[in-house]
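Subject: Structure handover

Hello,

Please find the structure below. My notes on it follow.

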Amino acid sequence: MDVMEKSLLEKLNSPAMYLIVGGVIALVVAMCVYFMVKSWRAGVAVGMDRRVLKKAIVSSATFTVLPAFSVLLGVVALSGSMGIPLPWLRLSVIGNLQYEVNVAQIAATSVGLSGLKITELTADAFVTIALVMTAGILGGALLCLFTLKAYAKKLGGKPKAAGSGKKSFGDWAMIAMFVGMCAAYIGSYAGQAAQKEYLPLATALIAAAAMALCEVLERKCGMKWLENFDLAASMLVAMGAAVLLGGVM
Amino acid sequence: MENKNNLLSAEGRRAWMEQYNRSIHREGRIWTLVCLGALLAVPFLMGMVLQAKTDMNSFLKGFFNVAIIYYPTSLVEYLIYVPMLGSGASYLSFITGNLSNLKIPCAVNAREMADARVGTPENEIISTLSVATSSLVTVVVLALGVLLLQPLQPVLSNPVLTPAFDNVVPALFGALGLKYFLKGKKFAAIPLVLSCAVCILVPSLIRQTSVLLIVIGALTIGVSFVFYKKGALDE
């Protein structure tokens, strides 16, 4: 890593960047606290048992701890290529690991980089990538802003009818889209391997092998808790392997 | 006040909930607008700190490539998740993120523990409490984690680790690929083989992954539709 890259990474991790991110996270925390207090009061007002409300809070807090550590591993995974503050913001609020990495990669190629690599990143590219990541994920929030009241009214508070359990084509289309996305990336790594650039394909294959092991442990050995970590853990295993293989390939 | 409200009649309870829902939408929109404004300001504020400019042409190109994939996904998520969550939790969830991997299972778990049915005021209240709590816990865990990461910064920026961070994307799509190929195992081989063949035969496409994933993604949806129509996807 040369001086210029190091200096950009230092800038990306500067106190001013933490301050910006901390301010936005504090705002979202305020929103959460506001809604929490409001819904607690509403629960009490409509006669719900306080013990049930308390149980909902405690169970949600305990339910969240393990997946939150997985989200933290996502921050670690992105910190070397984007600094800590931006991944911290994106994964604390609005984003998720899968979206952030994919969109950062698409945005990086759109600004002319060969991929999400600190060795190629410039400050201009970074802010452009950050804006693409922000604007690209606003669909759900914008729909809430403009249509949620009407949609909720249309739903009319009617309990949802139980489905047949069979997947609709909509469900399959979502799976197909992600299958296609993964196939496109893995295809590009196969293409790179044909050009004697083996590391991306090797990293992807090791990540797939680690995920396969997680799947076996989850399904055959009853280690359901592993589901919270499988994606982040498989990525970290493959990234570790990339360090070892980097010297060889 | 609370005791008085506890004694609300069924009619009074319904009227109270209607008023509650109206205020949830009014306040939910205000909070959403403020948070969206703050989130959109972040890249520009970071630009000021870094003395960098956004390249609008590159932004529009990148945004188009992202939006064509993720805006339809957002729409589907919105249509599916809102009835499960209710209004208050929806405003919160779409701002706080990590929906399918965290907020939805968390809210469903809390709802089942409270024995609340979807579409009832109890579900609305429990889901909102659950999503708010989950978001706060995530923020605390990440803030503590980021604090602990500070001493590790020299390690994380060590050149030895460069291959690891340069290969975040292959690591993600290797792991994610296996998961989705298992889910769509009946048709996944077709786009995978096709994509590999195209990239090996036409090397210039390797650097065009944003175009490739739209084409391969559309083709895979088409293939899955054919399989679906033929009943080949029935479990």
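Accessible areas here come from the Shrake-Rupley method with a 1.4 Å probe, and for residues only the protein chains shown count as cover. On that basis, chain A has an accessible surface of about 9,800 Å², and 67% of that surface belongs to carbon and sulfur atoms.

This is a predicted model: local features need pLDDT of at least 70, side-chain atom pairs count only at pLDDT 80 or more, and totals for chains, interfaces and linings use all residues. Residues are numbered from 1 along each chain as its sequence is written, chains are lettered from A and ligands numbered from 1 in the order in which they are written, and side-chain values use heavy atoms, with hydrogens and water left out.

Chain A overall

Helices (H or I, at least four residues) and strands (E, at least two) are DSSP runs, numbered from the N terminus. Chain A has ten helices and zero strands. Its C-alpha atoms fill a box of roughly 65 × 45 × 35 Å along the principal axes. Of its 249 residues, 59% are buried (buried means under 20% relative accessible area, exposed over 50%, partly exposed in between, with a 1.4 Å probe and protein chains only).

A:Asp230 lies in helix H10, residues 230–246, and is buried at a relative accessible area of 3%. Contact means heavy atoms within 4.5 Å. Beyond its neighbours within four places in sequence, A:Asp230 touches A:Met211, A:Cys214, A:Glu218 and, from the other chain letter, B:Lys179.

A:Tyr198 sits in the loop between helix H8 (169–194) and helix H9 (199–220). A:Tyr198 is partly exposed, at 43% relative accessibility.

Aromatic rings

Rings of Phe, Tyr and Trp (its six-membered ring) pair if their centres lie within 6.5 Å; planes under 30 degrees apart count as stacked, over 60 as edge-to-face and the rest as tilted. The count is 15 aromatic pairs over all chains. One of them is the tilted pair of A:Phe169 and B:Tyr228, 5.5 Å centre to centre with 50 degrees between the planes. A:Phe169 is in helix H8 of chain A and B:Tyr228 in helix H11 (residues 209–229) of chain B, so this pair joins two chains. B:Tyr228 is partly exposed, with a relative accessible area of 23%. Elsewhere, A:Tyr34, A:Phe35 and B:Trp31 form one aromatic cluster.

A helix in chain B

Helix H4 of chain B (residues 87–96) is mostly covered, with ten of its ten residues buried. Among them are B:Tyr91, B:Leu92 and B:Phe94. Just after this helix, B:Gly97 takes a positive phi of about 75 degrees.

Regards
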